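Hi,

Here's the structure I promised to pass on. Have a look, and then read on for what turned up.

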Amino acid sequence: MAATASLPLGFSPAVAQSSAASASLPHLGEPGDLGLGAERRLGERIAAQLYRDPDYIDDPELALYVDTLWQPLLRAARTRGELPPEMAERFALSVLLGRDRSINAFALPGGYFGLHLGLIAATQDRSELASVLAHELSHVTQRHIARLLDQQNRQAPWVLAGMVLGALAAAKSPDAANALLVGSQALAAQAQLNFSRDMEREADRVGFSLMDEAGFAASGFANMFERLQQANRLNDNGAFAYLRSHPLTGERLADMRARLGVPGAIPKPEADVWAALMAARARTLTGPGQDALRQAAQAEPPGGGATLADAKRRAAHWYASALAYARLRDAATARQRWQQLQSTLQAMPAAAVDAQAWRALHALGAELAVLAADGPLAQAELQRVAQWETRLGFKSPSRATLMGRVSAAQAAFVGGAPMAAATVSELAQAMADYTAAHPLDGPAWAALAQLRQLQGLALAALRAQAESRAAWYDYAGAVEHGRAAQRLATQRNAAGQVPQLSAAETIELAILDTRTRAWSLVLAEQALERRVNQ
């Protein structure tokens, strides 16, 4: 699979044997001069541009789904020694979602990964998506990207970043590539940064071993390979960019079959309802325009077959229809579709619908209420989400639930029934605790800024806005917000103005002053680097 092509149930004896065998896999050589720190800085330059891309999307529900698969793979990589402590500490190991219907995923320098919603929509169970993530993670842990970039080590870091972005644009759209690199230069950059066959095979082997350790069915690899290969034969319209940069050769597929120990048909997993709901969500969000939403909303439901797979397809249909109608601002029809989804899940065997699927049902219910500006209903649905998260063993509310509560607070305010000040304060403290533990979560900082504004804490809101820009590597925007906070503080401390700063605000401003100086220094270093390398 390629470094720059445009971005989680069961076990078998064969998997255990292949895992033991792959523990001593030979590596393809060590990277040259590109160290972990330099690769991370290069990755930050690229990620900064992706965060600004209109296709970048922070969807808390899909992010929760992906993270539920991603974290076990990271733990497996650490356990097996594929992810050394220094790399785990220095690299971002973060997955960015792209609102793109193409079936694609990619690994970037410094442990950043991209995942298109089109690929999520193409999967039928968690193990299939986990197989893609495991493969891409293995490209990073085996330092394949560093070795490719070492071939270009005479280039300045910002030039390397431009080459990678140009290759991404070329994989996504030749026209978009022209904005970064002209014609054949973009295609040449992608060719230079494509992985070799040996690297692809190594990523297959290492990724395969991670699947078992992480608790996923390793058959997901072969199932995903076969589905993509068959779909591409039937529909060669350029939507399968993943196959252009990650060619599925017969040798790779045969190797995967051998590792599974299954010469014939590969076993298919049971119906994975949560995966079906998230695939439906991904399909709906790839087409946010009015026409695409109407098509999703008004699509005919699948036939009334009696199998579990039929019921899963119906559940996915009602989920997508409810979400589409809600985004079309047809709250009444959206709620009807949600009720049909609920009835479909209730009619399925209890063992077939896991707690994650029930949680997703009520998370969607809260989302519909938010889009209808119905704060009380959103709060009621979020309480049900919290109950399901407790059953799932969550020690604290998930990020998705916290972000949902922030949206519910805004909906209540817009709907004319604002939350009690104590409730907003409690939620703001929960979000502040989250951002303290996850300081690079830009959307979470932005949500905290919204809560601070509801509290009337202007300085704290500006600080959170500044942190959100810095988390997206927009240091100029971070400095701008930091200086705005300084100007506000100066005005408030002026004689005859509104009351002077409180003790808490003074501490907030001191932290922001220090952060603003640090961001200004980064901007100065980047400007100097560009001048030196011109």
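Phe413 sits in helix H21, which covers residues 399-414 (helices are DSSP runs of H or I with at least four residues, strands are E runs with at least two, both numbered from the N terminus). Phe413 is exposed, with a relative accessible area of 53% (exposed is over 50%, buried under 20%, partly exposed in between, using a 1.4 Å probe and protein chains only). Together with Val414 and Leu454, Phe413 makes a nonpolar surface patch of about 310 Å².

A quick word on where this comes from: it's a predicted model, where local features need pLDDT of at least 70 and side-chain atom pairs count only at pLDDT 80 or more, while totals for chains, interfaces and linings use all residues. Residues are numbered from 1 along each chain as its sequence is written, and side-chain values use heavy atoms, leaving out hydrogens and water.

Now to helix H6, residues 126-141. 16 of the 16 residues of H6 are buried, so the helix is largely enclosed by the rest of the structure. After H6 comes Arg143, with a positive phi near 60°.

There's also a hairpin of S3 and S4, with three residues between the strands; Gly110 has a positive phi near 80° there. S3 (residues 105-108) and S4 (residues 112-116) pair antiparallel over four bridges (pairing takes at least two DSSP bridges), and Ala105 stands opposite Leu115. From S3, Ala105 and Ala107 point one way, Phe106 and Leu108 the other, and all are buried. In a regular strand, side chains alternate between the two faces of the sheet.

Cheers

How values were computed. Patch = residues over 30% accessible without salt bridge, like charges linked within 9 Å, V, L, I, M, F, W, Y side chains within 5 Å. Areas by Shrake-Rupley, 256 points an atom, 1.4 Å probe, with all protein chains shown as cover. Salt bridge = Lys/Arg side-chain N within 4 Å of Asp/Glu carboxyl O. Expected span 1.5 Å × (residues − 1).
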